[in-house]
Structures are given as C-alpha cells and as structure tokens.
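Reader: Hey, could you walk me through this one? I'm new to reading structures.

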Amino acid sequence: MRAVDTHDEVLARLREDPLTHLGRVSLRALGAYEIGYSCGRSSLGLQGLPGSSYPEQHQAWIHAKICKDMTGEHRGRLNAGNAMSLTSAARLFSVDDRAAFETYLGLRQEMIRECGAGVGFTSDARESFGVTLQRVLARPAMFFGNDYTAGELWAFCSGFRWAEVDVNSESGEVASVFAGFQTWMESRYPFASGRSWDRILDWLMLGSAAGALESFASHWEMFQGGHPFDAPDPVQAQMMRSIVDHARKLEDAKMPVMSRLRRMLARLTSRRS
C-alpha cells in the first residue's frame, strides 16, 4: 500500500470509494471519519497530515468566496463559526447530505488549488482507541453534532483504523478488533447478515440515535468481555430480573391482605356454625 502524504489524498480515496471508508455517501460521515483519522494518528504519536486543519489563509478564502455578500449585520445575527465554514456552506448549497458530500469536496479542492494545503492538525493527546471511544460515547454530540447517528460512530472508527493502516501499511489492532466485532454482530443477528453493525443497531433501536449508541456500548462491552454471540443481552437480563423482583414484591405485599381475609372468613364461618 502506498503511503498517504496529505489529507487531500485521504479525501480523494473517500471520494473514490466512500462505501468502504464511510459506509455511505454522506458529508456527516466524512466529518466523523476525519475526526477519527486525526485521533488515530494522535494515538500513534503523529501530527495530522498536511491540509487537515484550516490556517488563516483558508479562512480568508472561505470568507471571500462564500461569504462575500455577507454584511456586518448578517455576521452579527449569525454564528460566524458555523456560517463561515466549508461544511456549512456545502450543506447550504446542497439538497441533501449526499449532495453536500460532493459539494464539500469540490469546494475544498478549489480552495487547496488556490491557497495550498496548509499545515497538519496537531495534538498533544496520545490516547488508545479504547480511551478515545469511551470519550466519544460519553459525549457524542461534542464529536458529531447534536443530530448524530450510529453511522457517524462507524465512520469515526473507520477513520481511526485507516490511520493505523496507513502508518503501518497493514491491518492493525483496531481493524482486527472491529472485524471480529462485525462477525460477532452478524452471528448474533443472522437475519441482518452482510449489514454493518451501525445499521443493525439502528434497526434494533427503531432509528433512535441515542438508543443505538447505548446499544453499541452494551454490545461492545459483551464482545470485549469475551461473551459468546448468543449470550443474553445484559439490558434484557436486567429487565427480566426487575420484572421478577417486582412480581415478588407484589406477592409479598398481598400476603398480609390474604391473611386478614382468611381470618375474616374463619370468623364468619364460626358465627354461622
């Protein structure tokens, strides 16, 4: 595998084969992948590839190209950080997230051609994948935005593992773990064989994004703990224990009442006799 030298080479790869890397054609997934890729490189003690951050000249290009008709009054009413980015502009000028994917890549290509690639994203953090994943699960909106889905988590994990592959030129630890997790999920839900784990979880949780991420955490813990694919779901097991405990409490609460009824019945019987 040829070494990847710039962030735009990564983006070109995503454009050529988005399904392999992102699981879908989506600007939201692309953003999650970029975050995962940067975290993956940081975990290896490396800074981001050239072009993975936006220096001042890029911000100036965005302002001149996209926001040229924006007045000071507009800026006062808008969140400037959101209004003046390639991502938000791509969404503004596109009919849906799929179209925004192509719009974003086109705008970025034009910007890089006119301004250069810029520098790489730098970070002092050197966290393992497991630690980073826990931070993501604890605050997914901070990483993916308020309307996050399990698809963004899948793309984030994909970006992390591809950063590892690009550096080591082979399938690394994260890739191996997630290959095993995918197989485990397909064995657990054979009716969804051939579907990625994020789509399986989205279906199981009836489209609830928060539910899908909570379900991922539960399934991931089972898989990491070495549980077989057909092991009872811990959430369901806890629900069953709660139901049984509640039934026992109700039965215990009925006992004094039943005792009083039996005594009353005994007194009535004795009076009649």
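Reader: So is Cys-39 buried or exposed?
Author: Cys-39 counts as buried, because its relative accessibility is 17%. Buried means under 20% relative accessible area, exposed means over 50%, and partly exposed is in between (1.4 Å probe, protein chains only). Keep in mind that this is a predicted model, where local features need pLDDT of at least 70 and side-chain atom pairs count only at pLDDT 80 or more, while totals for chains, interfaces and linings use all residues. Residues are numbered from 1 along each chain as its sequence is written, and side-chain values use heavy atoms, leaving out hydrogens and water.

Reader: Ok, and how many disulfides?
Author: The count is 0, a disulfide being a pair of cysteine sulfur atoms within 2.5 Å.

Reader: New topic: how many salt bridges are there?
Author: There are 7, each a side-chain nitrogen of Lys or Arg within 4 Å of a carboxyl oxygen of Asp or Glu. One of them joins Glu-152 and Arg-28, at 3.4 Å from N to O.

Reader: Which helices does that pair tie together?
Author: Glu-152 lies in helix α11 and Arg-28 in helix α3, so the pair links parts that are 124 residues apart in sequence. Helices here are DSSP runs (H or I, at least four residues), numbered from the N terminus.

Reader: And how accessible is Glu-152?
Author: Glu-152 has 4% relative accessibility, so that residue is buried. Arg-28 is buried too, at 17%.

Reader: What about the rest of α3, how many residues are buried?
Author: In α3, 15 of the 17 residues are buried.

Methods
Helix = DSSP H or I, 4+ residues; strand = E, 2+ residues; numbered from the N terminus.
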